[in-house]
Amino acid sequence: MYCRDRTTCPPEPWRRWIVLSNDFCREQACLFPTQTPEHRVGATRWVAQGDSTNCPYGNCRFKERLVRRSSSSRDMVGVNKERRRKKKMEDSEILKKIQELKKAKNAVIIAHNYQLPVIQDLADFTGDSLGLSRKAAETKEDIIVFCGVKFMAETAKVLSPSKKVLLPKINAGCELADCITADEVDEYRKKYPDAAVVGYVNTTAEVKTKCDYCVTSANAVDIVRKIDKKQVVFLPDRNLGSWVKKNLPDKEIILHGGRCYVHHKFKKEDVVNAKKSHPEAKILAHPECFPEVLELADSVASTSQMIPYVRDSKAKVFIIGTEEAMIHRLKKERPDAQFYSLGGAQTCYSMKMTRLPDVLNSLEKEETEVTLPQEVIEKAIIPIQRMVEL
Ligand code: 13P
Ligand code: SF4
């Protein structure tokens, strides 16, 4: 019972685990239970906690960055400055080595829009999950270093089976993608034999093998509109599914209960307050946000759709309802504009796991390779192809 704010808690199975693992999450130190300011990435106050090997997800920061007790003491200012100077030097060396290895190994580096700015800047391509996988398939390089989360690297593998796909941090998962299993999809099929099963791209490759169509947040409404069945099982994100339902009232959409803990941080009041404090601003929200947030936004847009919206808009201020790193990407389009995160910056911790040394390590050791059984590759591509053809 350690997650004080249950609404920010990821869905099953994490919630179940959090409740059972009292010892482990005593200090709410795990990445998932909560995001009190002192436990956010980059915070300077860390607290001791129990045995991190208990973390079933393998995502706990304490595995990598052991306890750093610390303080906001002024004595630390000089030390931090020196550390920053050293780090900068190291970063430039790492960047140089990455470029050399990339060339030597004929590799391409791609990064999702939610990656750390340094990773976005290093990448050959940045974009949304499916767009990147498609881009990777078009490139001639033999190795794809996918800076993102696991389902994205799996999608890249499905689209480029002959290439080596590397995920620098193999435990960078997406709790939305992981909240539904292939067996659950089978159960939906039994319960709704006449329905088309539509899976968001944020699903594992195994789940995709069970879907009729794959969709992205950018095309979900259009694809479902074109499906010639009235009844549609939409999984796993309930907010994206509700958005589809709202836009296609003639369809009968059956929703799975999944949701993204990052996008659930944006609340209706945040939009109301943003409109008051920046009446001139345009508010953009990702369709994984709550329906009441989407209702009030000026634009409901996937990460790839936010880019042309901002580029072509006459507005000078934008309030962004998605993961905070998207602002780094958008600033490149409109350096003249001001950007704010809706209600305060929200972080996807899995997306922030990949650091420069991880990319270097991944290229050096060619790890961690994402592999999939041939059967999974052959079946998982079908809903993706159907989406493209529809
Ligand atoms: P996009 O497909 O819009 O990039 O979104 C991916 C994602 O993980 C959203 O949380
Ligand atoms: Fe998954 Fe949400 Fe992170 Fe996107 S932001 S990768 S949906 S956890």
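Helices are DSSP runs of H or I with at least four residues, strands are E runs of at least two, and both are numbered from the N terminus. The model is predicted, so that local features need pLDDT of at least 70 and side-chain atom pairs pLDDT 80 or more, while totals for chains, interfaces and linings use all residues. Residues are numbered from 1 along each chain as its sequence is written, chains are lettered from A and ligands numbered from 1 in the order written, and side-chain values use heavy atoms, without hydrogens and water.

**Exercise 1.** Describe the largest cavity by its volume, its lining and the helices that contribute to the lining.

*Solution.* 
- Step 1: The structure has one cavity of 30 Å³ or more, where a cavity is a set of points, on a 1 Å grid over the protein atoms alone, at which a 1.4 Å probe fits but cannot get out.
- Step 2: The space in the largest cavity comes to about 310 Å³, a volume being the space filled by probe spheres set on the points.
- Step 3: Its lining counts 29 residues, with Tyr114, Phe151, Met152, Asn202 and Glu288 nearest the centre; a lining residue has an atom within 4 Å of a point.
- Step 4: At least two residues of this lining come from each of helix H5 (129–138) and helix H6 (150–159).
- Step 5: Sorted by class, the lining holds 14 nonpolar, eleven polar and four charged residues, where Tyr and Cys count as nonpolar and Gly as polar.

**Exercise 2.** Locate ligand 1 and ligand 2, and describe the class make-up of the shell around ligand 1 and around ligand 2.

*Solution.* 
- Step 1: Around ligand 1 (a heavy atom within 4 Å) are residues including His112, Asp128, His263 and His286, and the shell has one nonpolar, eight polar and two charged residues.
- Step 2: Oxygen atoms of ligand 1 lie 3.2 Å from a side-chain N or O atom of serine 129, 3.0 Å from one of glutamate 288 and 2.6 Å from one of threonine 303. Ligand 1 alone exposes 300 Å², of which the protein buries 96%, by the Shrake-Rupley method with a 1.4 Å probe.
- Step 3: The residues around ligand 2 include Cys174, Leu176, Val262 and Met351, in a shell of eight nonpolar, one polar and one charged residues.

**Exercise 3.** Find the cis peptide bond that involves proline 236, the one that involves threonine 368, and the phi of asparagine 106.

*Solution.* 
- Step 1: Most residues other than glycine have a negative phi, and most peptide bonds are trans.
- Step 2: Leucine 235 and proline 236 are joined by a cis bond with omega about -5 degrees, and proline 236 belongs to the loop between strand E7 (231–235) and helix H10 (238–247).
- Step 3: From glutamate 367 to threonine 368 the bond is cis, omega being near -5 degrees; threonine 368 is in the loop between helix H15 (356–365) and helix H16 (374–389).
- Step 4: Asparagine 106 has a positive phi near 55 degrees, and asparagine 106 is in the loop between helix H3 (75–105) and strand E1 (107–112).

Key
On a 1 Å grid over the protein atoms alone, a cavity is a set of points where a 1.4 Å probe fits but cannot get out, and a pocket is an open set with protein on both sides within 12 Å along at least five of seven lines; lining residues have an atom within 4 Å of a point. A polar contact is a pair of N or O atoms within 3.5 Å; within protein, one must be able to donate a hydrogen and the other to accept it, and residues adjacent in sequence count only if both atoms are side-chain atoms.
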